[in-house]
Each structure stands twice: as C-alpha cells, then as structure tokens.
Amino acid sequence: MEQDMELIKQTLSGNEEAFAKIIDRYKGYIFAVILNFIKEHDEAENIAQEVFLQIYISLPEYKTQNFKGWIGKIAANKSIDWKRKKINKHREKTIDNIENIVNVEELVFYKTPEDILIQKESREKIHRLCEDIPDIYKDVIIKFYFQEKSYEDIAREECTTTKTIASRLYRGRNMLKKKWREENETL
C-alpha cells in the first residue's frame, strides 16, 4: 500500500520508471480481471493497454486508499465497454446482412393467409380487451402499438413525460396480459 502511494507520487512527478513499476506490479491482476469478461487473449492484451493508459490519465484524480480496487474497476469497465461495442457491431452487421438479402418492406408480403388472419384476430382481441382497462392505459397502448407512435410523440399529445408514458405502457401491458390469461382460461 505504501509502496503504491510512493509509486503514484513519483509517477505524478513525471517519473516514467515509477509508472513502469506500477504496470509490472499489476499487469497480471489487470489481465486476470479482463479475462473474466473477455476470453479472447489478443483482445484482452489490447484492453489491458487501454486500461493502463486510462490509469495513467486518471491518476491525478485518484483519491481512494484501495489502489488495486480502483484499477480493477477501470479494467472491468473497459472490458464491459468492449463487450458492448462488440454486441453493437454484431447487431449492425446482422441488420446490414438482412437488408442486403431482402428489402425489409418485402418481408411484409410473404405472410400466409393464416398469418394475416391470426394477426387480425389478435389485434381485434387486444382492442376488445383494451376496453376493460382504464382509459389512461388504453390510450397509450393504442397509440403505441396500433398507431405506431413513439414515446415522445405520445408524451407530447398527453402533455406529460416520456417516463410517464413508459410507466403507463408497462402497467397497461400487465393489465392486458392478465385479462388475456383470464379470457383464455375461461375458454
């Protein structure tokens, strides 16, 4: 602990050898933290470099007494960020691939008559069930699902916040699910 504080002081004074000692001391720990999130060895090495860069940049703001915990948190956050970026890239690639294979609008025309009938009956049933829930929830459900309006558009129309709309939509869906189950149990 005291050795860490001394190395930190020296690093902040511009001593690059002191930071190299910090790297040597914690590289195994940082790498282990990263490997808990990311199983790709090469990527873990890249992230470890980003972690040490972030430690160096953030060192002037370091104020806690648990240096190992602090750098572990930086390593975990960098790993989580990497995973999020990878997931988003995968989603974008998938969407691009789908759009390259088939125009999204064309997918609508490949429904069978049975699919169309089931969809129509389900929509009618939902409309009917909406009549049995309070208007404040029914209106939001109809605007969101049937009129395909965004939370923001509905909030403007209702003179409220998007958070309120999200809450009403959540509660309304729960009421509909309950009514749907009740109706199906009686059949």
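**Aromatic contacts in a predicted model**

**View 1. A cluster of aromatic rings.** Tyr 26, Tyr 62, Phe 67 and Trp 70 are joined into a cluster by ring pairs. The structure shown is a predicted model. Pairs count when the ring centres lie within 6.5 Å, and by this rule there are six aromatic pairs.

**View 2. The pair of Phe 19 and Tyr 56.** The ring centres of Phe 19 and Tyr 56 are 5.0 Å apart. Their planes meet at 70°, so the pair is edge-to-face, a class that covers angles over 60 degrees. Phe 19 belongs to helix H2 (residues 16-37) and Tyr 56 to helix H3 (residues 41-58), so the contact ties together parts that are 37 residues apart in sequence. Phe 19 has 8% relative accessibility and therefore counts as buried. Tyr 56, at 40% relative accessibility, counts as partly exposed.

**View 3. The pair of Phe 67 and Trp 70.** Phe 67 and Trp 70 make a tilted aromatic pair, with 5.8 Å from centre to centre and 35° between the planes. The two residues lie in helix H4 (residues 67-101), three residues apart, which means that about one helical turn separates them. Phe 67 and Trp 70 are both buried. Both also belong to the cluster of View 1, which includes Tyr 26 and Tyr 62.

**View 4. A lysine over a tyrosine ring.** Lys 68 lies over the face of Tyr 29. The distance from Lys 68 to the ring centre of Tyr 29 is 4.8 Å.

Terms used: Residues are numbered from 1 along each chain as its sequence is written. This is a predicted model: local features need pLDDT of at least 70, side-chain atom pairs count only at pLDDT 80 or more; totals for chains, interfaces and linings use all residues. Side-chain values use heavy atoms; hydrogens and water are left out. Rings of Phe, Tyr and Trp (its six-membered ring) pair if their centres lie within 6.5 Å; planes under 30 degrees apart count as stacked, over 60 as edge-to-face and the rest as tilted. Helices (H or I, at least four residues) and strands (E, at least two) are DSSP runs, numbered from the N terminus. Buried means under 20% relative accessible area, exposed over 50%, partly exposed in between (1.4 Å probe, protein chains only). A charge sits over a ring if NZ of Lys or CZ of Arg is within 6 Å of the ring centre and within 35 degrees of the ring normal.
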